[in-house]
Amino acid sequence: MNTPVFTVSEMSYTYPDGLLGLQEIDFTVMPGENVVILGVNGSGKSTLLKLLDGLYFPSAGKINAFGEPLTERRLQDDEYAFAFRRRVGFLFQDPDVQLFSPTVWQEVAFSPLQMGLPKKEVEERANEALSALAIEKLRDRVPYQLSEGEKKKVALASLLALDPEVWLLDEPTANLDPRTQDWVIEFLLSLTDKGKTLIVAIHELEVAEVIAGQAYILGEDHRLAAQGRPKEILRDEELLLRANLLHRHRHFHAELEHRHPHRH
Amino acid sequence: MHRKNFVAKTLTGLTEAVKRAVFAEHYARLPGLLQGLDPRGKILTFLALLIATAVTHRPEVLLGIYLLTIVLALASRIPLVFFTKRVWLFIPLFTGAIALPAIFNFITPGRPVFTLVTLAAPINWGPFHFPGEITITEQGLRGAAIFILRVAASVSLSVLLILTTEWARLLRALSALHFPRVGILILGMTYRYIFLFIKVAEEMFLARRSRIVGRTSTREQQRWVSARLGFMLNKSYNLSNEVYLAMLSRGWNGQARFLDDFHFRWKDAAWVVFTFAFLFLIVFFTWIYK
């Protein structure tokens with residue numbers, strides 16, 4: 001039987017300033033699964049992804065990654081950290097956070113270089129990633145000269161250069177024009193075709209429906225409110241209203257008042 | 001004409017800073033003489049020229065190095081007006097202010113060239129002594145000229161190096177020359193995020209301007225600016241935390257690695273030989289005409 005990519009057991013997280021981030025979260029992600037984590041802003045989606053990427057560590061409970069405990073102590077060992085980072089990639093919500101290198105080329109080459117790959121392989125991987133996303137022309141550009149869509153593509157290319165098995169994506173379609181949004185969705189679908197595991201934090205229900213095989217809903221109380229097949233979960237209006245992902249909309253057709261749940 | 005308040009002036013300043021940086025990058029990409037050279041050789045030769053500028057006491061040598069920077073700027077397609085403006089804009093303000101007192105006899109005694117004031121009697125004022133005649137001295141003029149020429153030549157060399165080398169390549173070259181890598185990484189990130197913060201600051205100023213009709217008091221503007229400075233500090237702190245996490249996530253382990261793709265060609269060798277021949281001639285003639 002396949003080893004789960006992540007097993008999260010009774011995990012809670014409290015921020016250093018004492019604010020509650022997540023409460024008693026339990027779930028398992030199997031290889032090749034596409035999971036969307038839905039929730040309103042502040043429900044803990046990004047925090048959950050950072051915990052799965054070993055950037056934050058649980059205050060209670062535990063996370064297993066590829067069958068082994070994911071702990072701060074283990075990640076201090078370079079060999080383990082490199083092995084884990086090669087298997088798990090993380091797309092940050094704000095591309096400006098992720099693009100910290102002086103040029104696009106250096107950004108895309110950063111991970112393979114840090115992992116100690118030979119110079120030739122670093123160059124090959126970076127070139128292939130730029131060409132796969134058709135952004136070779138941006139190679140020598142500096143981040144402040146890029147549009148939001150281009151920044152997102154460069155951020156994705158910087159992950160593609162490592163070709164991780166697991167992609168953690170925080171709001172990958174946020175702040176993009178419709179055409180780039182569609183492009184990102186197509187890109188994510190191409191990853192699922194290659195058998196990659198996707199864990200996507202998102203609050204756009206329409207996008208979630210297209211890419212997800214499993215949907216988790218984080219409530220405003222920072223607990224997992226529901227999990228299951230997206231078709232079932234996304235039809236449960238009461239659940240979505242409770243999680244604040246839908247709101248009751250009231251408008252008039254001539255004299256007739258009309259009320260219905262509404263999504264943005 | 002409507003007088004700009006200091007908030008509006010800051011906004012203009014921020015926009016200008018970005019424009020200047022973008023312009024500078026544009027020059028670094030032109031197909032000129034210095035742009036086509038390996039940045040490692042360029043850094044080493046410019047460093048040698050800077051050292052020569054710092055140690056020489058001959059105005060002719062300083063003038064020679066300054067003229068060389070002008071010739072190099074022209075050969076590198078840098079417009080002369082733009083280049084000289086960049087160098088000379090601040091020299092009268094800063095260097096001039098320091099050099100000016102040195103031309104008078106109460107700072108640099110020597111052979112008088114021009115008498116300014118004749119006092120009734122010498123004045124002793126605390127540690128200062130003013131002779132009976134305040135004059136401009138030959139030694140003072142020479143000292144001030146050497147100082148200004150030295151600053152002009154040094155600034156010209158530095159500006160020329162920066163204008164003809166893309167920032168990212170300059171940093172990679174420093175790494176190839178074994179400068180401390182973490183320092184280079186921090187420099188690179190500072191330069192990269194300055195633009196982000198300039199953009200945020202510009203948007204904050206624009207958002208304020210769009211909501212304000214008429215003039216506001218200087219005190220109110222100062223209060224607003226200080227509040228925004230606090231906000232920016234907080235934002236930069238949060239961003240630095242997030243950037244660090246993004247680096248960790250992509251394999252950062254405290255050791256910076258760089259990939260250089262530099263090629264030292266015959267023209268780089270020719271440039272190095274030319275620079276060191278130039279420096280040798282300077283040393284030779286300085287020795288001959290002591």
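Me: How many residues of chain B are in contact with chain A, and how many of chain A with chain B?
Reply: This is a predicted model. In it, 23 residues of chain B contact 27 residues of chain A.

Me: Which elements of chain B give two or more residues to that side?
Reply: Helix H7 (167–176), helix H8 (181–211) and helix H9 (218–249) of chain B.

Me: Which one gives the most?
Reply: H9(B), with eight residues.

Me: And what is that side of chain B made of, by class?
Reply: It has 15 nonpolar residues, four polar and four charged.

Me: Switching to helix packing. At what angle do H4 and H6 of chain B pack?
Reply: About 125°, with the axes 9 Å apart. H4(B) covers residues 80–88 and H6(B) covers 138–163. That angle makes H4(B) oblique to H6(B).

Me: Is the crossing left-handed or right-handed?
Reply: H4(B) and H6(B) cross right-handed.

Me: Which residues meet there?
Reply: From H4(B), Phe83(B), Arg86(B) and Val87(B). They meet Ala152(B), Val155(B), Ser156(B) and Val159(B) of H6(B). By class, the contact has five nonpolar residues, one polar and one charged.

Me: Now chain A. How many helices and strands?
Reply: Chain A has eleven helices and twelve strands.

Me: Why call chain A as compact as a globular protein of that length?
Reply: Because its radius of gyration is 19 Å, close to the 18 Å that the globule rule gives for 264 residues.

Me: What box do its C-alpha atoms fill?
Reply: Roughly 70 × 45 × 40 Å, along the principal axes.

Me: What share of chain A is buried?
Reply: Buried residues are 45% of the 264 in chain A.

Conventions: Residues numbered from 1 in each chain as written. Chains lettered and ligands numbered in written order. Predicted model: local features only at pLDDT ≥ 70, side-chain atom pairs only at ≥ 80, totals over all residues. Contact = placed C-beta atoms within 7 Å. Helix = DSSP H or I, 4+ residues; strand = E, 2+ residues; numbered from the N terminus. Nonpolar A, V, L, I, M, F, W, Y, C, P; charged D, E, K, R; others polar. Axes fitted to C-alpha atoms, helices over the stretch in contact; angles between N-to-C directions. Parallel < 35°, antiparallel > 145°, perpendicular 65-115°, else oblique. Left-handed = near helix turned anticlockwise from the far one by under 90°. Rg over C-alpha atoms; globule rule 2.2 N^0.38 Å. Buried ≥ 20, exposed ≤ 12 C-beta atoms within 10 Å, placed from the backbone.
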